[in-house]
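Thanks for coming, everyone. Let me put the structure up, and then I'll walk you through it.

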Amino acid sequence: MPASGPRQLGDDPSECVAIPNVIVAIEAILRQPRRVMFQLRQPGAGQLIVSMLFVSVVCSLIYGVVAGTFSGGTQLWAAPVKIAAGLMISALICLPSLYIFTCLGGSQARLVEVFGLLAGLLMLMTILLIGFAPVAWIFSQSTESLAWMGTLHLIFWFIATCFGLRFLETGFSHSNARSLAGFRTWVVIFLLVALQMTTALRPILGKSETFLPAEKKFFVAHWGDCLKGQGWDSKSESR
Amino acid sequence: MQAPSDKLNPREISVLLRGELEPITAWSGRWSTRRFALHVAVIVVGAGFYGAAMGWWRDPQQALYVAVKFPLIILLTTAGNALLNAMLAPLLGLNIPLRQSCSAILMSFTVTAAILGAFSPLMAFMVWNAPPMSPEALSGATYNFIKLAHVAVIAFAGTMGNARLFQLLARLGGSRAVARRVLFAWLAVNLFLGSQLSWILRPFIGSPSLPVEFFRATALHGNFYENVFHSLLQIFQQFD
């Protein structure tokens, strides 16, 4: 009689093959995400997690350079630093609540596995952003509108995040969780934190005299200001 | 050989969070000083970090004070009501000893504190993004947003702690009706004492027009319920 529910991780022998380096890790998360999930449960998963975080940092730095070409100058190094740091800090801030929500949902996943799945989310997300980078670069060179570029980057980020979150959800569905309601609540929190990070670390696209903003704002208020016309046409506004 | 239950194992916290009734019921029935210390440590650290995030908006010194006061309220409420809760349980149909009722309540507060601790980086991030606390900020949307966020997180953490306590009580008493009676009785007395302790130990978020201090000068003048009563009177007097 066929088993009901999702197939157990490791049922397919190809999922049990170790992931020795970052290239294999990139290929595995795109083609065999279950292999990554299975390997995160094995002893010595730390090396895989470090590899995934390394890829995430490198990819976000590369995407940051592309984002920085919109304004050029100091933004060529400031944008990559802010995007990479912002992603890592967002993940770190949200990790404890992710673990708590998975436990409350009855998941048997250990903290290291949860951390690994989160690292997988970051890696998949940033790899996809690299895929969007040429498109973003073309638009960066052909438009002057800061608001348009900001919106475009947000759309790319949102699509990449959706794929990353799908990976994370699939990972949790294999950890005997009774409910995914807590996980879905966490997804909202993660999106809010990441969106707020874009405002906290502004300007990422535009130019500014200071590295970080002097004025504290919530992202909704900042976007409202941008849409009121403060940032639509000029590269010198902070976004 | 040492019994497994005597080992100090931080992974026990995830068992509490998942609400695995088999081991939790066994833990509540047998006293373990190490487990007690672990639960107290989680309360001190989890509620302490959350308190720090709460007080940080006013001043770093306020953060330190609230980091001490928040766990203190939980621990004093547990200790202050221990005897009363142990007496209420058998009177309402759940025949458990004092040690077991204390242990059950402490475990529910441990779940609450672990959740609060996990949310503390998020609350700290929110406060870091907020404009500095000023009289204008207190009258604007930021203050209300921060206040409501704290209410939502504390309510969620408290609800989850009590949901786990209810499951344990239902298991121990063998009846959901008995568990509900005992839980409501414990909640009532804990809320009654906890509210007054919070009143004495105010401020938490703080106010820009008042100094940063551990206790207000009027800490022991009046009580929480008296204040609520006066507020209600003032509201009704406006309609006269």
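Predicted model: local features only at pLDDT ≥ 70, side-chain atom pairs only at ≥ 80, totals over all residues.

Chain B as a whole averages a pLDDT of 90, with 96% of the residues scoring at least 70. For the complex, the predictor gives an ipTM of 0.82 and a pTM of 0.87.

Now, what is chain B built from? If you take the contacts in chain B with a separation of 6 or more, 75% of them are between residues 24 or more positions apart.

On to the contact between the chains. Chain B puts in 15 residues and chain A 14 residues. On the chain B side, the elements giving two or more residues are α1 (12-18) and α6 (98-129). Which of them gives the most? That would be α6(B), with nine residues. By class, this side of chain B has 11 nonpolar, three polar and one charged residues.

Helix α6(B) comes up again in the largest nonpolar core, which has 116 residues; α6(B) supplies the largest share of it, 18 residues. The residues with the most contacts inside this core come from both chains, among them A:Ile100, A:Leu118, B:Tyr50 and B:Met123. Have a look at A:Leu118: leaving out residues up to four places away in sequence, it touches A:Ala91, A:Leu95, A:Leu98 and A:Leu168. As a general point, nonpolar side chains in soluble globular proteins tend to be buried together.

Last stop, chain A and its helix α7, residues 181-200. From first C-alpha to last, these 20 residues reach 29 Å, close to the 28 Å expected at 1.5 Å a residue. The buried residues of α7(A) include A:Phe183, A:Trp186, A:Phe190 and A:Val193, and also A:Gln196, A:Thr198 and A:Thr199.

That's my tour, and I'm happy to go back to any part of it.

Conventions: Residues numbered from 1 in each chain as written. Chains lettered and ligands numbered in written order. Contact = placed C-beta atoms within 7 Å. Helix = DSSP H or I, 4+ residues; strand = E, 2+ residues; numbered from the N terminus. Nonpolar A, V, L, I, M, F, W, Y, C, P; charged D, E, K, R; others polar. Core = buried A, V, L, I, M, F, W, Y, C linked by C-beta atoms within 7 Å. Buried ≥ 20, exposed ≤ 12 C-beta atoms within 10 Å, placed from the backbone. pLDDT = per-residue confidence, 0-100. Expected span 1.5 Å × (residues − 1).
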